[in-house]
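Thanks for coming, everyone; I would like to walk you through one model this morning and keep to what its coordinates give us. Please have a look at the sequence and the structure before I go on.

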Amino acid sequence: MTHKPIVFRDVSFILPERACFTGLSLSVHHGQRIAIIGNNGAGKSSLLKMLTSHIEPSVGSIHVPDGVRFGYVPQLIQEDMALSGGQTFNYFLSGVLHTMPNVLLLDEPTNHLDHKNRASLVRMLTAFSHTLFVATHDEDLLLRDFDVIIHLDDGKARVFHGSYQDFKRKLSQDKTALMHKINELSKETKQAHRALM
C-alpha cells in the first residue's frame, strides 16, 4: 500500500546544552530510500523516534499522512547471551515485517551482525519495495541504493538528493573548493601586507 508524502517542515531537535540539528525540511514520497548519517549524538536515533511520535521536534513539525504504517526496529543493545546479535535483530525485524509496514525505520541495523546476517539484511532491504529510513555509520550499507542522504553535522541538517557515492563526491568537491578559497584569501592577505609595508 502506497502513502502520500511525509513532510518535514523546518524540524529541529534542541537539547538544553546544545542543538543536535536544526532546519530539516523534506518531503518523502513512497518508495524513497533515505539514509540518515552523522556522528554519535547528532540526533539520528532521535529523528527516527520523531517519525514514530516517541518524541516531539523542538521546533517545526512532521506531517505523517493517513495510510502510513511504520515498522520500527530501534538500535539493539546485545545483552541476551542466549541469542547472537544476528538472531536478536532477525527476531525483532521479523516481528516488525509481520505487521506489513509501508515505511520501515531501522536504527544502526548492522550492529552486532556477522557476515552472513549482514548479507541477509542487504537482500531483505533490496527486496523491500516501500519507503525506507536507515540511520547508520556503515559505509558498506550506505553504498546500497539510497536516493536521499540526510546529513546531521555541526548542529545542522543537510539534505542531499542522490546516492551516497554522489554525496561523498560532492563533499570532496566542496572541501577542495573551500581549501582553494582559503589559499586565495591567504595570498591576497600576503599581497596586501606587502603593499602596506
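Predicted model: local features only at pLDDT ≥ 70, side-chain atom pairs only at ≥ 80, totals over all residues.

Phe 70 is found in strand 5, where strands (E, at least two residues) and helices (H or I, at least four residues) are DSSP runs numbered from the N terminus. At 25% relative accessibility, Phe 70 counts as partly exposed, given that buried means under 20% relative accessible area, exposed means over 50%, and partly exposed is what lies in between, with a 1.4 Å probe and protein chains only. Leaving aside residues up to four places away in sequence, Phe 70 touches Ile 6, Leu 51, Thr 52, Val 64, Pro 101, Val 103 and Leu 105, and contact here means heavy atoms within 4.5 Å.

Residues are numbered from 1 along each chain as its sequence is written, and side-chain values use heavy atoms, with hydrogens and water left out.

Staying in this part of the chain, Asp 66 lies in the loop between strand 4 and strand 5, the latter being residues 70-73. Asp 66 is exposed, with a relative accessible area of 75%, and Asp 66 and Lys 4, although 62 residues apart in sequence, are 7.8 Å apart in space, C-alpha to C-alpha.

Let me step back to the chain as a whole. The protein chain has five helices and nine strands, and from the N terminus on its elements run β-β-β-α-β-β-α-β-α-β-α-β-β-α. Of its 197 residues, 42% count as buried, and the C-alpha atoms fill a box of roughly 75 × 40 × 35 Å, taken along the principal axes. Among contacts between residues at least 6 apart in sequence, 66% join residues at least 24 apart.

Which residues of helix 1 are buried? They are Lys 44, Ser 46, Leu 47, Leu 48, Met 50 and Leu 51; with six of the eight residues of helix 1 (residues 44-51) buried, this helix is largely enclosed by the rest of the structure. Just after helix 1, Ser 53 takes a positive phi of about 65°, in the loop between helix 1 and strand 4 (59-63). Ser 53 is exposed, with a relative accessible area of 54%. His 112 likewise has a positive phi, of about 70°, although it is not a glycine; His 112 sits in the loop between strand 6 (103-107) and helix 3 and is partly exposed, at 46% relative accessible area. As background, most residues other than glycine have a negative phi.

Now to the packing of two helices. The axes of helix 2 (residues 85-98) and helix 3 (residues 115-127) come within 11 Å and cross at roughly 20°, the axes being lines fitted to C-alpha atoms over the stretch in contact, with angles running from 0 to 180 degrees between N-to-C directions. That makes helix 2 roughly parallel to helix 3, a label for angles under 35 degrees, whereas over 145 counts as roughly antiparallel, 65 to 115 as roughly perpendicular and the rest as oblique. The contact is made by Gly 86, Phe 89, Asn 90, Leu 93 and Leu 97 of helix 2 and by Asn 117, Leu 121 and Met 124 of helix 3.

I will finish with the aromatic rings. Rings of Phe, Tyr and Trp (its six-membered ring) pair if their centres lie within 6.5 Å, and planes under 30 degrees apart count as stacked, over 60 as edge-to-face and the rest as tilted; by this rule the count comes to five aromatic pairs. One of them, Phe 8 with Phe 133, is tilted, at 6.4 Å centre to centre and 55° between the planes. Phe 8 lies in strand 1 (residues 6-14) and Phe 133 in strand 7 (residues 131-135), so the pair ties together parts that are 125 residues apart in sequence. Phe 8 is buried at 2% relative accessible area, and Phe 133 is buried at 0%. Tyr 91 and Phe 92 form an edge-to-face pair, 5.8 Å centre to centre with 90° between the planes; here Tyr 91 is exposed at 60% relative accessibility, while Phe 92 is partly exposed at 38%. Finally, Phe 160, Tyr 164 and Phe 167 form one aromatic cluster.
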